[in-house]
Amino acid sequence: MKKIAWLVAGAMAGGVLTLSMQAFADKGESPLPLSELRTFAEVFGRIKQDYVDPVEDKKLITAAIKGMLTGLDPHSDYMDPDAFKELKEGTQGEFGGLGIEIGAEDGLVKVVSPIEDTPAQKAGIKSGDLIIKIDDTPVRGLSLTDAVKKMRGKPGTKVTLTIARKTETKPLVFTLARAVIKTKSVKYKLLEPDYGYVRITQFQEHTSEDLAAGIQALYKENKQGLKGLVLDLRDDPGGLLNGAVGVSAAFLAKNQLVVYTEGRTPDAKMRLTANLQNYARPNGSDPLSKLPQDARNVPLVVLVNGGSASASEIVAGALQDHKRAVLVGTQTFGKGSVQSIMPLGNAGGIKLTTARYFTPNGRSIQAKGIVPDVVVEDGTLTAAEQALRLREVDLENHLANPNGEDKAPAKSSAKPAAAPKPAPAPVKPDDGQDKAKPEEKSQFGPRDPNPKNDNQLSQALNILKVQQILQKKGS
């Protein structure tokens, strides 16, 4: 009877395969690989029959789906209904967890960037840290979705992370209390009279309108137009594509090309311009309506580093190609791929890489990133800490750069810019003068914008002032 059951199951599977193959043929796709599917069915049967413990069919099929996606590249993944719900909450700017952007590497989980002013960042977790255990569960073999699920939870509950760090001989253990992560995506400050600073920590649903409101507040505080603006995208891991287009549109002329994508399907081929229809939310209102008109012409410097990824690189690449801004800092992360979120019938979904990003001039960001016009190292990092910087090219199964530029040296293509000599080495914090007010510190958290102890910000401000001098001489 057992053999008969297997034969019946095999016959049913064969019928399904035949129907599936016919459906693919009708769509003009390549037929399903029957031999490989037979191998899959054979392995499935062996596990069901011979594995040391009974395994549910659902668990096996879910693991197979996850493996199929995570084996493609570091960013494709399967999400069960809970994980799919959490993803949507994250893009809206609020969720319960630790505040860590992660990536896959050799079957383990690496920290791409801790989100500013969150439990992970406050505890001292750093970019490049390797998470080897979550509570008592080893991370090797876990998908990114499963890792995220284990780190997220009810605010106030605790989770223990065991972390390997290249500069440490022994694993580090962090016990963190989960919190409601409310990521404020736009922060701003008047650095000094006539010079403003805006930092974007992540691209979310309201980033464009928050940027417009922040710049408007800077103009109001300065009581006149600005002579220069610093846009800080350092350690910004990315986010929503329409947010990146909206931020770019805040500084570009209408209908200028921001980014285009290339993929296999018609939907994956897009040309996104600085046009309302490409960045507005579903309600149709213009999120940049509060933006001062002069902001599209204000002299602009953009700060980037190895933690600037995806949407950050789109903005930086667009502003650089259109010669709208001077880019200062270090080479960016290099995530130049598009992930489409596709709902499934079980209320879950998949995150599938469907295209590559290209800057307006046709440069691929993938595995190369954006090289700044003026290369300025972060003076607060040691050489060992800089070596720990994780980039897309370091991730297992990363997509290749279609232009063959993924192995280009970090500084070889940096163009000389009309800029002053590098700023002096960072000095120790002063005795209390010129420090931010308490409310400003609470707004920014650990990265309070202060040119006196931020070498890259100091250089950015110097460039803006030199531009003013040159502009006056020219006139």
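Lysine 323 lies in the loop between α10 (311-321) and β16 (326-329), where helices (H or I, at least four residues) and strands (E, at least two) are DSSP runs numbered from the N terminus. In this predicted model, local features need pLDDT of at least 70 and side-chain atom pairs count only at pLDDT 80 or more, whereas totals for chains, interfaces and linings use all residues. Residues are numbered from 1 along each chain as its sequence is written, and side-chain values use heavy atoms, with hydrogens and water left out. Although lysine 323 is not a glycine, its phi is positive, at about 55°. With a relative accessible area of 73%, lysine 323 is exposed; here buried means under 20% relative accessible area, exposed means over 50%, and partly exposed covers what lies in between, for a 1.4 Å probe and protein chains only.

Most residues other than glycine have a negative phi. A further positive value is found at asparagine 255, a residue other than glycine, with phi near 75°. Asparagine 255 is placed in the loop between α8 and β13 (257-263), and with a relative accessible area of 45% it is partly exposed. Lysine 223, which follows α7, also has a positive phi, near 65°.

Glycine 153 is located in the loop between α6 (144-151) and β7 (158-164), and its relative accessibility of 30% makes it partly exposed. When neighbours within four places in sequence are left aside, glycine 153 is in contact with Gly96, Gly97 and Arg178, contact being defined as heavy atoms within 4.5 Å. Arginine 178 is 25 residues from glycine 153 along the chain, and the C-alpha atoms of the two are separated by 6.8 Å. Glutamate 405, in the loop between α11 (383-387) and α12 (438-444), is likewise counted as partly exposed, at 29% relative accessibility. Residues up to four places away in sequence not being counted, glutamate 405 touches Ser364 and Lys368. Between the C-alpha atoms of glutamate 405 and glycine 369, which are 36 residues apart along the chain, the separation is 9.5 Å.

Over the whole chain, 13 helices and 19 strands are assigned, and buried residues make up 46% of the 475 residues. Of the contacts in the chain with a separation of 6 or more, 71% are between residues 24 or more positions apart.

Helix α7 (residues 207-222) has 16 residues and reaches 22 Å from its first C-alpha to its last, close to the 22 Å expected at 1.5 Å a residue, the expected span being 1.5 Å times one less than the number of residues. Its buried residues are Thr207, Ser208, Leu211, Ala212, Gly214, Ile215, Leu218, Tyr219 and Asn222. Seen down the axis of α7, these buried residues fall within an arc of 165°, so they line one face of the helix; the arc is that of the directions from the helix axis to the C-beta atoms. They pack against β10 (186-192), β11 (195-200), β12 (228-232) and α8. In helix α8 (residues 241-249), eight of the nine residues are buried, so this helix is largely enclosed by the rest of the structure. The buried residues of α8 are Leu241, Gly243, Ala244, Val245, Gly246, Val247, Ser248 and Ala249.

Helix α13 (residues 455-474), with 20 residues, reaches 29 Å from its first C-alpha to its last, close to the 28 Å expected at 1.5 Å a residue. Among its buried residues are Leu457, Ala460, Leu461, Ile463 and Leu464, and the cover over the buried residues of α13 includes β10, β11, β12, β15 (300-304), β16 and β19 (374-375).

A cavity is a set of points, on a 1 Å grid over the protein atoms alone, where a 1.4 Å probe fits but cannot get out, and lining residues have an atom within 4 Å of a point. By this rule the count is one cavity of 30 Å³ or more, and the largest cavity holds about 40 Å³ of space, where grid points are joined across faces, edges and corners and a volume is the space filled by probe spheres set on the points. Its lining consists of Gln204, Glu205, Thr207, Ser208, Glu209, Asn242, Gly243, Tyr279, Arg281 and Pro287. Both α7 and α8 supply at least two residues each to this lining, and α7 gives the most, with three residues.

Technical notes:
On a 1 Å grid over the protein atoms alone, a cavity is a set of points where a 1.4 Å probe fits but cannot get out, and a pocket is an open set with protein on both sides within 12 Å along at least five of seven lines; lining residues have an atom within 4 Å of a point.
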